[in-house]
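The sequence and structure come first.

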Amino acid sequence: MQQYFADQPLESGGTYELTPEQAHHAGTVLRMDGETIRLVYDGQGYFAVVHRAGRKMTAEVIGIDPVSKELPLDITLAMALIRREKLELVLQKAAELGVSRIILFESSRCVVHARNERIDRQLERWRTILQEASEQCKRDRIPELTGIVPFEKLAAMKRGTGLLAYEKAGLEAARLSTVPLAEACTVVIGPEGGFAAEEAERLLQAGFITVSLGRRILRAETAAIYAGSVLAERAESGAE
Ligand code: SAH
């Protein structure tokens, strides 16, 4: 079933006019008329039937979807800036896996640096990726994307249990599958070059727990997707 995020409040029995982009997609690309779609506003899903009305498309809201598609765990992914295609892959997968918030940060071993003059355009593009991935996987919320912060600001942005995925953690470190979690957690993934020892130390002093993602060193994008998957499975299976 096609899903769109509505730009106005919805109510059962009411109607919603699709935005021009949504109308183009539903009407011109998918040639819909009479189909049931899912509309979401402010975290609540609704079922609606779309109708063609000239070049416009309207949807008749027929009822709420009682099933929430969100994880019962608030996950923040703090992701180092990595090469663009890989970062975009991570954003898309994080949205699919149910992450609530993404913080992008720049640390000492990042090979990619934020270029001020392009940040606004990039953030806009990244938010579109998050929205499209959230629609495609039928989430009720689009992950929040903060701007790019320097590493020094990261610790103060922690929500819930702070988890530092540290490539030098060693096997005695906690495992992501069993580390005790509050109702929220913030997992930090480093850049291609990993973390400097002082950076790891700084997060540990701020109360983060070091976690290992296994014996092999994963690429940053693999580490992010792996961490998101393990946390989502813990939340979905009701282990919390
Ligand atoms: N260049 C570094 C590896 C960086 S991997 C080196 O050779 O040591 C990129 C990021 O993925 C790391 O900073 C860490 O956050 C995460 N990561 C990768 N493998 C990991 C593992 N086995 N345990 C914990 N974190 C890992």
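## Residues with positive phi

Lysine 138 sits in the loop that runs between α3 and β8 (144–150). The model is predicted, and in it this lysine has a phi near 60 degrees, a positive value in a residue other than glycine. With a relative accessible area of 23%, lysine 138 is partly exposed. Lysine 138 is also among the residues in contact with glutamine 3, which is described in the next section.

Arginine 31 likewise is not a glycine and has a positive phi, of about 55 degrees. Its place is the loop between α1 and β3 (36–41). The relative accessibility of arginine 31 is 58%, so this residue counts as exposed, the cut-off for that class being over 50%.

## Glutamine 3

Glutamine 3 belongs to strand β1, which spans residues 3–5. Its relative accessible area is 0%, so glutamine 3 is buried. The side chain has polar partners of two kinds. One is the side chain of arginine 38, with which the glutamine 3 side chain makes a polar contact at 2.8 Å. The other is a backbone atom: the oxygen of arginine 139 lies 2.6 Å from a polar atom of the glutamine 3 side chain.

Which residues surround glutamine 3 once its neighbours within four places in sequence are left aside? The contacts are Arg38, Val40, Ser134, Glu135, Lys138 and Arg139.

## Alanine 78 and strand β6

Alanine 78 is part of strand β6, residues 74–80. Its relative accessibility is 0%, and it therefore counts as buried. With neighbours within four places in sequence left aside, alanine 78 is in contact with Ile103, Phe105, Leu154, Thr186, Val187, Val188 and Ile189.

## Nonpolar cores

The largest nonpolar core has 58 residues, and the members that touch the most others are Leu77, Met79 and Trp126. Helix α6, residues 220–236, gives the most to this core, with eight residues. A second, separate core has 16 residues, including Tyr4, Met32, Leu39 and Met57.

Methionine 79 can be followed in detail. Not counting residues up to four places away in sequence, methionine 79 touches Leu87, Val90, Ile103, Leu104, Phe105, Ile189, Ala220 and Ala224. Ile103, Phe105 and Ile189 are also among the contacts of alanine 78.

## The cavity

How many cavities of 30 Å³ or more are there? The count comes to one, and the largest cavity has a volume of about 30 Å³. Its lining is made of Leu77, Val90, Ala94, Leu97, Val99, Ala224, Ile225 and Gly228. The elements that give two or more residues to this lining are α2 (84–97) and α6.

By class, the lining of the cavity has seven nonpolar residues, one polar residue and no charged residues. Leu77, one of the lining residues, is also one of the members of the largest core that touch the most others.

The largest pocket holds about 410 Å³ of space. Its lining has 26 residues, and the closest to the pocket centre are Glu167, Ile217, Leu218, Arg219 and Ala223. At least two lining residues each come from β12 (209–212) and α6. Of these, α6 gives the largest share, three residues. By class, 13 residues of the lining are nonpolar, five are polar and eight are charged.

The second largest pocket has about 300 Å³ of space. Gln2, Gln3, Tyr4, Glu21, Gln22, His25, Thr128, Gln131, Glu132, Glu135 and Gln136 form its lining. Here β1, α1 (20–29) and α3 (116–136) each supply at least two residues, and the largest share, five residues, comes from α3. The lining divides into one nonpolar, seven polar and three charged residues.

How values were computed:
Residues numbered from 1 in each chain as written. Predicted model: local features only at pLDDT ≥ 70, side-chain atom pairs only at ≥ 80, totals over all residues. Heavy atoms only, no water. Core = buried A, V, L, I, M, F, W, Y, C linked by side-chain atoms within 4.5 Å. Buried < 20%, exposed > 50% of the residue type's maximum accessible area, 1.4 Å probe, protein only. Helix = DSSP H or I, 4+ residues; strand = E, 2+ residues; numbered from the N terminus. Contact = heavy atoms within 4.5 Å. 1 Å grid on protein atoms, 1.4 Å probe; cavity = no way out; pocket = protein on both sides within 12 Å on 5 of 7 lines; lining within 4 Å. Points joined across faces, edges and corners; volume = space filled by probe spheres on them. Nonpolar A, V, L, I, M, F, W, Y, C, P; charged D, E, K, R; others polar. Polar contact = N/O pair within 3.5 Å; in protein donor to acceptor, adjacent residues only side chain to side chain.
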